Amino acid sequence: MSALPAEPARRASALRFLRFCCVGAAGFVTDTGILLALVHLGHVDPIVAKAVSFAVAVLVTFDLNRRWAFEGGRDVRPLAAFPAYLAVQGVGFLCNWTVFTACIILLPKPFGSVLGAATIASAVALVLNYLGAARLVFGGRIVD
């Protein structure tokens with residue numbers, strides 16, 4: 001029995017999402033590592049520290065997503081794609097930061113700890129970030 005015509009497209013989409021998740025894991029390690037260092041070593045308020053750590057993680061994930069997760073993104077000019085990526089990630093950041101802040105303020109530990117809140121917030125924002133990157137940035141709707 002042969003594969004349906006849509007099957008290769010589904011496989012490619014699943015692979016792209018898996019790659020996006022791998023890049024996201026690198027971004028999560030960057031984000032959370034900086035966040036924990038700022039909070040525990042620098043005694044910075046976690047809600048303020050999250051803005052700094054997330055900004056660095058966006059820089060780390062941009063090129064990885066452009067070159068590897070969204071292979072077609074290689075053809076997109078980096079200087080044209082970065083503002084669009086930054087806009088999409090900005091929306092993702094608002095989602096991430098809101099969930100992070102709510103977890104810190106409202107939830108008991110371990111969910112309300114810095115690491116627990118960062119994990120929950122990243123998981124919630126994952127789908128929003130993926131859809132924005134896939135459809136708007138590297139899918140060519142914003143950047144030609």
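Predicted model: local features only at pLDDT ≥ 70, side-chain atom pairs only at ≥ 80, totals over all residues.
Residues are numbered from 1 along each chain as its sequence is written, and side-chain values use heavy atoms, with hydrogens and water left out.

**Figure 1. The protein chain has four helices and zero strands.** Helices (H or I, at least four residues) and strands (E, at least two) are DSSP runs, numbered from the N terminus. Along the sequence, the pattern reads α-α-α-α. Contact means heavy atoms within 4.5 Å. Of the contacts in the chain with a separation of 6 or more, 66% are between residues 24 or more positions apart. The chain exposes about 8100 Å², and carbon and sulfur atoms supply 71% of this area; accessible areas come from the Shrake-Rupley method with a 1.4 Å probe, and for residues only the protein chains shown count as cover.

**Figure 2. The largest nonpolar core has 17 residues.** A nonpolar core is a set of buried Ala, Val, Leu, Ile, Met, Phe, Trp, Tyr and Cys residues joined through side-chain atoms within 4.5 Å. F20, F70, Y85, V137 and F138 have the most contacts inside the largest core. Helices α1 (6-40), α2, α3 (78-106) and α4 (114-137) each give two or more residues to this core, and α3 gives the most, with five. Another core, of 10 residues, lies apart from it and includes V39, A49, C103 and A121.

**Figure 3. Helices α1 and α4 cross at roughly 145°.** Two packed helices are described by the angle between their axes and the distance between the axes. Here the axes of α1 and α4 come within 10 Å; axes are lines fitted to C-alpha atoms, for helices over the stretch in contact, and angles run from 0 to 180 degrees between N-to-C directions. Among the residues that make the contact are F17, F20 and L36 of α1 and L115, L126 and Y130 of α4.

**Figure 4. T61 is placed in helix α2, which spans residues 46-69.** T61 counts as buried because its relative accessibility is 9%. A polar atom of the T61 side chain lies 3.2 Å from the backbone oxygen of V58. Not counting residues up to four places away in sequence, T61 touches V23, G27 and Y85.

**Figure 5. R19 lies in helix α1.** With a relative accessibility of 17%, R19 counts as buried. Leaving aside neighbours within four places in sequence, R19 is in contact with W68, A69 and E71.

Figure 6. Most residues other than glycine have a negative phi, and most peptide bonds are trans. At 68% relative accessibility, H43 counts as exposed.

Conventions: Buried < 20%, exposed > 50% of the residue type's maximum accessible area, 1.4 Å probe, protein only. Polar contact = N/O pair within 3.5 Å; in protein donor to acceptor, adjacent residues only side chain to side chain.
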